[in-house]
Amino acid sequence: MSERPLRAIQQIQIGTVLSTERQAEQTLEALVHAGFEGIELNGFMTRPTPMFVRALTRASGMPVGRGGRLDWPTLIRGSGLKVVGLHEDLGTIEREPDAVLARAASFETSRVVITGMHRFDYTDEAAVRDLVARLNTAGGTLAAGGVSLLYHNHNVEFRRLSSGRTAYSLIVDETDPAAVNFEFDCYWPTAAGVDALALMRDLGERVELVHITDRGTRRNGSSLTPIDTTDAVELGLGNMDIPAFIEQAKAAGSGAVILETHRNWIDGSPIRSFQTSAEVLNRHLP
């Protein structure tokens with residue numbers, strides 16, 4: 001019987017409350033108090049972040065804050081949280097695999113995650129096949145160093161290729177499970193109109209980590225039109241079957257279920273937001 005997945009959070013949700021060492025310590029302490037056991041770090045948030053990266057993430061609704069100047073290995077050791085994964089971009093892994101392996105070792109994690117490609121045409125089958133080859137090569141390099149490479153989906157992978165299949169299905173079918181597996185994000189396939197739970201079940205044990213976010217609306221009272229805009233919301237406050245995704249993570253033997261609600265927080269507070277979502281995680285991952 002495998003251990004249950006850890007209750008974890010993505011660093012980007014708390015980036016705006018990590019600006020100083022003291023603030024970071026208080027935020028990590030609040031995470032532990034809420035019931036979190038792990039954290040997933042972003043490479044670019046654990047070292048000084050270039051201004052253009054901060055601007056790009058802020059424009060995407062994911063403000064990263066200024067915590068990259070802090071001593072993250074020491075902060076993590078002091079918090080007692082386990083680092084369940086480390087996000088890095090594919091180019092960095094290809095250019096400096098030894099440095100990426102060393103960073104993973106500094107956080108005592110055995111997983112490195114790629115979160116898709118910037119300025120990439122997921123409708124170009126030749127480009128997607130080239131990406132598969134690059135992932136297999138990079139994954140093989142990391143595997144030789146004892147680290148698993150995981151690919152994290154968003155919604156762009158569910159565009160159709162000229163053959164009619166999705167880019168994601170090609171990535172899944174043609175990556176080598178010995179080199180590449182998956183961090184499955186439940187929210188984005190749902191937003192793309194895909195049956196995310198069925199897809200997650202099809203991936204089976206290749207789902208090593210799970211990103212979980214609920215989807216719904218905060219609107220109360222009457223609406224001007226019959227159509228509401230939906231967005232990320234805290235677990236249990238939307239319309240996704242969060243318990244079913246958590247049960248599938250257990251069935252797959254996933255290492256962690258990772259909360260990421262990086263906008264639209266209750267009271268505008270990432271802390272209040274993760275405290276609310278933690279109640280659901282604690283109930284379904286006791």
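This is a predicted model: local features need pLDDT of at least 70, side-chain atom pairs count only at pLDDT 80 or more; totals for chains, interfaces and linings use all residues.
1. Q10 belongs to strand β1, which spans residues 6-10. With a relative accessible area of 1%, Q10 is buried, and a polar atom of its side chain lies 2.8 Å from the backbone nitrogen of I12. When residues up to four places away in sequence are left out, Q10 touches E40, L41, N42, H87, H211, I258, L259 and E260.

2. S254 sits in the loop that runs between α10 (242-252) and β10 (256-259). Its relative accessible area is 2%, and because buried means under 20%, S254 falls in the buried class. A polar atom of the S254 side chain is placed 2.8 Å from the backbone oxygen of V207. Again without counting residues up to four places away in sequence, the residues that S254 touches are P5, V207, E208, L209, V210 and A249.

3. Aromatic pairs in the model come to 5 by the rule applied here. One of them joins F120 and Y122, whose rings are 4.7 Å apart centre to centre with 70° between the planes, an edge-to-face arrangement. Y122 is buried, at 1% relative accessibility.

4. A further pair is formed by Y168 and F182, with ring centres 5.8 Å apart and planes at 65°. Planes over 60 degrees apart count as edge-to-face, so this pair is assigned to that class. The pair links distant parts of the chain, since Y168 lies in helix α7 (residues 167-174) and F182 in strand β6 (residues 180-185), 14 residues apart. Both Y168 and F182 are buried, and together with F158 they make up one aromatic cluster.

5. Which residues make the contact between helix α1 and helix α3? The axes of α1 (residues 21-34) and α3 (residues 72-79) come within 10 Å and cross at roughly 35°, and the crossing in which α1 passes α3 is right-handed. On the α1 side the contact is made by E21, A24, E25, L28 and V32, while α3 contributes W72, L75 and S79. Sorted by class, this contact of α1 with α3 has 5 nonpolar, 1 polar and 2 charged residues.

Key. Residues are numbered from 1 along each chain as its sequence is written. Side-chain values use heavy atoms; hydrogens and water are left out. Helices (H or I, at least four residues) and strands (E, at least two) are DSSP runs, numbered from the N terminus. Buried means under 20% relative accessible area, exposed over 50%, partly exposed in between (1.4 Å probe, protein chains only). A polar contact is a pair of N or O atoms within 3.5 Å; within protein, one must be able to donate a hydrogen and the other to accept it, and residues adjacent in sequence count only if both atoms are side-chain atoms. Contact means heavy atoms within 4.5 Å. Rings of Phe, Tyr and Trp (its six-membered ring) pair if their centres lie within 6.5 Å; planes under 30 degrees apart count as stacked, over 60 as edge-to-face and the rest as tilted. Axes are lines fitted to C-alpha atoms, for helices over the stretch in contact, and angles run from 0 to 180 degrees between N-to-C directions. A crossing is left-handed if the near helix is turned anticlockwise from the far one by less than a right angle, and right-handed if clockwise. Ala, Val, Leu, Ile, Met, Phe, Trp, Tyr, Cys and Pro count as nonpolar, Asp, Glu, Lys and Arg as charged, and the others, Gly among them, as polar.
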